[in-house]
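The following note sets out several points for a reader who is meeting this structure for the first time. Please keep the sequence and the three-dimensional view at hand while reading.

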Amino acid sequence: MHPTRRAALAAVLAAPLFAAPALAQTQITIQHALPLDSHYGAGATAFKEAFERATGNRYRVVIQRNDNEREMIESVQIGTLDCTITSTGPVGNFVPEVRNVDVPFLFRDYDHARGVLDSEIGQQLLQRFSARGLAGVVWMENGFRHLTNSRREVNRPEDVRGLKVRTMENQVHMRAFQTLGALPTPMAFSELVPALQQGTVDGQENPIPVIVANNLNQVQRYLTLTGHVYSPAVMICNPATLQRLNQADRTAFMEAARAAQKANRDRVSADDARGVEELRRRGMTVTTEVDGEAFRSALAPAFAEYERQLDGALLRRMREWRPN
Ligand code: EAX
């Protein structure tokens, strides 16, 4: 047989009889408000890797950035977005019970906060999402929030008086800054940097990982380590997204969500450990000696209001929680 014909015959015999069908993949989209290389991004990536691996790539997880958390929650609620990883900032406007975890100085430290949220207390709060057309999948973490501003060093509560402070769209936080004599200005994260650049507000408050990831040192001079409130985050999904999963895939989904929680918390711990030095290196004036007792005392009127307006018994249970 002529060599060319032989080569042609060999090629035909080697070709697959039928092209393997492209793997049918279902897409799940997750949005969050921070850079993809951030503590939320770490969680989203861990979820993607775990869920795609566990389902043999029958699902494709797409991660996108959207810096308006209220909008993302609305999109999840109406079903145009599968999931979001968001701080609890605006969540209380959708699930009122969540406001209880936004109370200043409620949690002693990270172990306390993580312990409460992973306990029956936190799981019962997640169950409250379903009555609002949302699925609270897993608690994640934003971190302890600290105050930055462009006008002056802040050491004690009196120094906050008169500062225009951007807050999240969160009545619990707004009440606290109002009680300190500041002028709380609620806005979505997407509006924060322009507002700081234009001087619409003097300051803002966020965890170290958020300040570092968004280079807020470029628009803020002073950082005071107030640690005035622990900022939980939460992975929220549209209930139909979960209902479409078979039992095995739903189990894989929840295991991937726990992997997301671990990666997210590990990244917060790492960013918190090195972030303050990094912000000093970038030129911020950092005040570490903060009179926490003075801040707590100055907030007493707000605490009395929280006891009345929120769930006083739940607040006590969370405040008094101890690991077994
Ligand atoms: O969730 O809006 C805020 O200050 C949040 O901390 C930020 O979007 C990360």
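Two residues are in contact when heavy atoms of theirs lie within 4.5 Å. The model discussed here is a predicted one.

1. The contacts of M318. Leaving out residues up to four places away in sequence, M318 touches N100, V101, L106, F107, H112, V116 and I121.

2. The largest nonpolar core. This core has 47 residues, and F129 and M318 are the members that touch the most others. Several elements give two or more residues to the core, including helix 3, strand 4, strand 8 and helix 13 (312–320). The element that gives the most is helix 4, with 4 residues. As general background, nonpolar side chains in soluble globular proteins tend to be buried together.

3. The buried side of helix 3. Which residues of helix 3 (residues 69–78) are buried? They are E69, M72, I73 and V76. Around the helix axis these residues cover an arc of only 100 degrees, so they lie on the same side of helix 3. The buried residues of helix 3 pack against strand 1 (26–32), helix 2 (39–54), strand 3 and strand 8.

4. Just after the helix comes G79, which takes a positive phi of about 95 degrees.

5. The disulfide. The whole structure contains 1 disulfide. It joins C83 to C237, with an S to S distance of 2.2 Å. C83 belongs to strand 3 (residues 83–87) and C237 to strand 8 (residues 222–237), so that distant parts of the chain, 154 residues apart, are linked. The torsion about the S-S bond of C83 and C237 is about 105 degrees, and the disulfide is therefore right-handed. Both C83 and C237 are buried.

6. Among the residues around the ligand are A33, Y40, E69, S87, N142, R145 and R166. An N or O atom in the side chain of E69 is 2.6 Å from an oxygen atom of the ligand. For N142, a polar side-chain atom lies 2.9 Å from a ligand oxygen. The side chain of R145 has an N or O atom 3.0 Å from an oxygen atom of the ligand.

7. The setting of E205. Is E205 buried or exposed? E205 has a relative accessible area of 0%, and because buried means under 20%, E205 counts as buried. E205 is found in strand 7 (residues 203–207). Its side chain makes a polar contact of 2.9 Å with the side chain of H228. Beyond its neighbours within four places in sequence, E205 is in contact with residues including R145, R166, M168 and F177.

8. A buried loop residue. V160 lies in the loop between strand 4 and strand 5 (164–167). With a relative accessible area of 1%, V160 is buried. Not counting residues up to four places away in sequence, V160 touches L147, R152, V154, F177, L180, G181, A182 and F295.

Conventions: Residues numbered from 1 in each chain as written. Predicted model: local features only at pLDDT ≥ 70, side-chain atom pairs only at ≥ 80, totals over all residues. Heavy atoms only, no water. Disulfide = S-S within 2.5 Å. Buried < 20%, exposed > 50% of the residue type's maximum accessible area, 1.4 Å probe, protein only. Arc of directions from axis to C-beta. Polar contact = N/O pair within 3.5 Å; in protein donor to acceptor, adjacent residues only side chain to side chain. Core = buried A, V, L, I, M, F, W, Y, C linked by side-chain atoms within 4.5 Å. Near = heavy atom within 4 Å.
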